[in-house]
Amino acid sequence: MSAITEEAFLAPFSAACGRTEPPAEARPFDTAGGPHGDGACADRTADELAQRFILEAKAAGIEAVRASAGDASRAVAALARRMGAGSVVYADDPAAAKLGLPAALADEGLDATRWDAANAERSVSAAEKAAVGISFPFAGIAESATAVQACDERCGRSVCLLPEAYIAVIRESALVPHMMQAMERAAQLFGEALPSHILFSTGPSATSDIELVHV
């Protein structure tokens with residue numbers, strides 16, 4: 001077993017922060033306002049947030065497609081077909097009908113199942129067999145290209161987790177800069193009646209906890 005000094009252990013972290021060596025002392029951090037709080041990035045426009053989301057998505061290995069409300073369902077259906085999907089499961093969300101998603105999926109020849117909480121066993125089985133799951137997250141975090149989906153009676157977590165691929169349809173108005181704003185939005189939407197599960201999805205499974213290398 002080899003020995004290592006504290007300075008040698010901290011050196012890679014200093015290098016990642018742009019320093020040549022660990023600082024002599026740690027500066028205190030004021031956490032009173034919370035991280036990224038107090039209106040952080042409040043001046044960012046929806047377009048800027050969308051561009052940041054797309055940029056981070058590409059870096060995380062996520063395919064991000066920007067479309068108008070009129071073209072969204074066709075874009076989603078085409079993406080599902082391109083993924084080789086034969087069957088699709090999608091959330092029981094009013095947005096699906098509003099965007100015309102069922103018709104678009106049918107036009108692409110896809111066998112689509114709408115999530116039905118009243119028949120949970122059948123819905124879970126459909127999600128397990130589906131190639132693609134589709135949901136409508138209540139928030140998207142621009143700094144990490146993260147979709148934030150409430151898993152409840154309208155969208156069981158099986159929709160997002162069991163299919164081989166997952167498509168999140170996020171409104172530009174639902175994009176927020178950081179995690180803090182996503183949690184604030186959850187508090188506004190749900191109050192004390194939080195759903196049983198909130199899913200944060202950021203592309204394929206990955207880690208950066210080994211020597212700061214993203215794999």
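## Burial and overall form

Of the 215 residues in the protein chain, 33% count as buried. The model is a predicted one. Its protein chain contains eight helices and eight strands, and the C-alpha atoms fill a box of roughly 65 × 45 × 30 Å along the principal axes.

Among contacts in the protein chain with a separation of 6 or more, 74% join residues 24 or more positions apart.

## Surface and charge

The protein chain exposes about 13,200 Å², of which carbon and sulfur atoms supply 54%. Its side chains include 17 positive and 29 negative ones, and the centres of these two sets lie 7 Å apart.

## Aromatic pairs

Two aromatic pairs are found in a search of the whole structure. In one, the ring centres of Phe-9 and Phe-13 are 5.6 Å apart; the planes meet at 45°, so this pair is tilted. Both residues belong to helix H1 (residues 6–16), where they sit four residues apart, about one turn of the helix. Phe-9 is partly exposed at 48% relative accessibility, and Phe-13 is also partly exposed, at 40%.

In the pair formed by Phe-138 and Phe-190, the ring centres are 5.4 Å apart and the planes lie at 85°; the pair is therefore edge-to-face, because angles over 60 degrees are classed that way. With a relative accessibility of 10%, Phe-138 counts as buried, since the cut-off is under 20%.

Key. Residues are numbered from 1 along each chain as its sequence is written. This is a predicted model: local features need pLDDT of at least 70, side-chain atom pairs count only at pLDDT 80 or more; totals for chains, interfaces and linings use all residues. Side-chain values use heavy atoms; hydrogens and water are left out. Helices (H or I, at least four residues) and strands (E, at least two) are DSSP runs, numbered from the N terminus. Buried means under 20% relative accessible area, exposed over 50%, partly exposed in between (1.4 Å probe, protein chains only). Contact means heavy atoms within 4.5 Å. Accessible areas come from the Shrake-Rupley method with a 1.4 Å probe; for residues, only the protein chains shown count as cover. Lys and Arg count as positive and Asp and Glu as negative; His and the chain ends are not counted. The place of a charge is taken as NZ of Lys, CZ of Arg, CG of Asp or CD of Glu. Rings of Phe, Tyr and Trp (its six-membered ring) pair if their centres lie within 6.5 Å; planes under 30 degrees apart count as stacked, over 60 as edge-to-face and the rest as tilted.
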